[in-house]
Amino acid sequence: MKRQITFALIAVFAAIGVMSVPLSQTAQAESLVPDWIKTNAGWWADGALDDETFLNGITFLLENDIIEVSSESDIVDVDTLTIGFIPVEKADELTPKAQALETFLESELGIDVEIVVPTNYETIIEGMRFGHIDAAFMDTGPAWITHQRTGAEAVMAEVVQGKVNYQATVWTLASNDSIHSLEDTVGKKVAFTSITGSSGFVRPMGTLVTEGYVTIEGDDIVALESALANNFESYTFAGGYKAALQLLLNGNVDVAFGSDIAPQKYLELEDQTKLRPVATIGPVPSHVFMVNSDMSESTKDALVDALTELNYDDNNHILTDLYGAEALLPTTTSMHIGEFGDFIDALTGLDQLILDSYNKSK
């Protein structure tokens with residue numbers, strides 16, 4: 001039932017035309033949204049707010065003309081759209097699934113759609129920079145870097161298990177009563193997942209830097225590594241959630257960084273009871289669908305409308321087959337990945353490492 005309600009709400013978003021507001025006007029529209037509605041949206045995404053209260057906020061936006069219903073038909077003003085996909089090592093496994101989306105979009109938009117399944121994100125970034133790729137599904141970090149380098153914008157976010165994000169969390173042993181906040185981890189022995197891990201490094205380290213608990217003296221990756229060495233008794237990149245938590249259970253470190261559900265997903269119940277969540281640091285956004293900065297407003301709107309049709313039962317298998325997402329929700333760059341992007345920017349030299357980590361040709 002929750003899934004049906006979620007899809008219904010997504011349909012409401014599409015119907016009221018949140019994204020039918022021209023993207024050039026989106027920033028202005030966002031500035032008019034009261035803080036209490038933004039807070040409600042976050043709580044609703046986390047499952048802490050009921051659907052009726054959330055919809056009351058949407059009604060407020062409609063009644064006060066902050067968002068508006070679009071009755072105009074969206075016109076696609078190009079003959080062909082080229083869409084990129086998240087890099088994979090074996091393109092032959094993803095290509096048939098991408099082709100199903102290609103066929104669907106051609107039917108919905110009435111134009112040719114071509115697909116690109118690359119082995120690295122540089123292909124997509126350069127394709128968007130020079131107009132060879134019009135839109136792409138992307139991981140959060142590469143999406144922000146693409147936005148910074150080409151001006152591409154996020155227009156849709158994936159919904160997974162009813163949410164558009166998951167929570168980065170600080171973990172310690174239940175018996176450890178010396179750590180009660182993220183800032184308490186400074187000076188301790190810590191385990192990150194990897195230097196490009198979203199909840200296992202970017203969010204916690206980015207928060208420590210942007211809130212002034214850690215200072216990076218320099219503007220490159222060497223400076224970032226020096227900051228790690230200077231601000232923790234020791235640090236290690238364990239290689240993943242489970243490995244980081246295992247180091248914590250074994251007493252090798254005082255803290256492990258990761259997602260809120262990592263212990264539940266990777267550890268036996270007996271080991272789960274030995275851990276304590278110190279703090280929830282904040283959301284890590286889901287994958288996004290990005291569009292080229294040169295795409296016209298009408299084509300963007302038509303593309304978003306067509307992708308929204310994937311949320312309904314008749315077409316939903318095309319979406320779930322791609323990356324397992326349940327639905328696509330209209331969004332904007334600042335709304336969905338802007339805060340996370342600030343953390344990437346704060347961690348000097350990290351952007352290229354993020355792109356390299358997704359290079360499947362190496």
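**Exercise 1.** State which residue of E9 is the bridge partner of valine 170, and how many bridges join strand E5 to E9.

*Solution.* In E9, valine 170 has alanine 279 as its bridge partner. Strand E5 (residues 165-173) and E9 run antiparallel and are joined by nine bridges. Here strands (E, at least two residues) and helices (H or I, at least four) are DSSP runs, numbered from the N terminus, and two strands pair if DSSP finds at least two bridges between them. The model is predicted: local features need pLDDT of at least 70, side-chain atom pairs count only at pLDDT 80 or more, and totals for chains, interfaces and linings use all residues. Residues are numbered from 1 along each chain as its sequence is written, and side-chain values use heavy atoms, with hydrogens and water left out.

**Exercise 2.** Give the order of the strands in the open sheet of five strands, and explain why one side of E7 and of E9 is left without a neighbour.

*Solution.* The order is E7-E6-E8-E5-E9, and the pairing is mixed. Strand E7 (234-237) and strand E9 (275-285) stand at the edges with a single partner strand each, so one side of each has no neighbour in the sheet. On average, neighbouring strands of this sheet are turned by 20° against each other, direction ignored.

**Exercise 3.** Determine how E8 pairs with E5 and with E6, and whether its residues are buried or exposed.

*Solution.* E8 pairs with E5 in the antiparallel sense over four bridges; tryptophan 171 has alanine 256 in E8 as its bridge partner. With E6, E8 runs parallel, joined by two bridges, and alanine 191 stands opposite alanine 256. Five of the five residues of E8 are buried, where buried means under 20% relative accessible area, exposed over 50%, and partly exposed in between (1.4 Å probe, protein chains only).

**Exercise 4.** Locate aspartate 260 and identify which residues it contacts, apart from neighbours within four places in sequence.

*Solution.* Aspartate 260 lies in the loop between E8 and helix H11 (262-266). Its relative accessibility is 28%, so aspartate 260 counts as partly exposed. Aspartate 260 is in contact (heavy atoms within 4.5 Å) with Tyr166, Gln167, Thr169 and Trp171, its neighbours within four places in sequence being left aside. Between aspartate 260 and alanine 168, the C-alpha to C-alpha distance is 6.0 Å, although they are 92 residues apart in sequence.

Terms used. Axes are lines fitted to C-alpha atoms, for helices over the stretch in contact, and angles run from 0 to 180 degrees between N-to-C directions.
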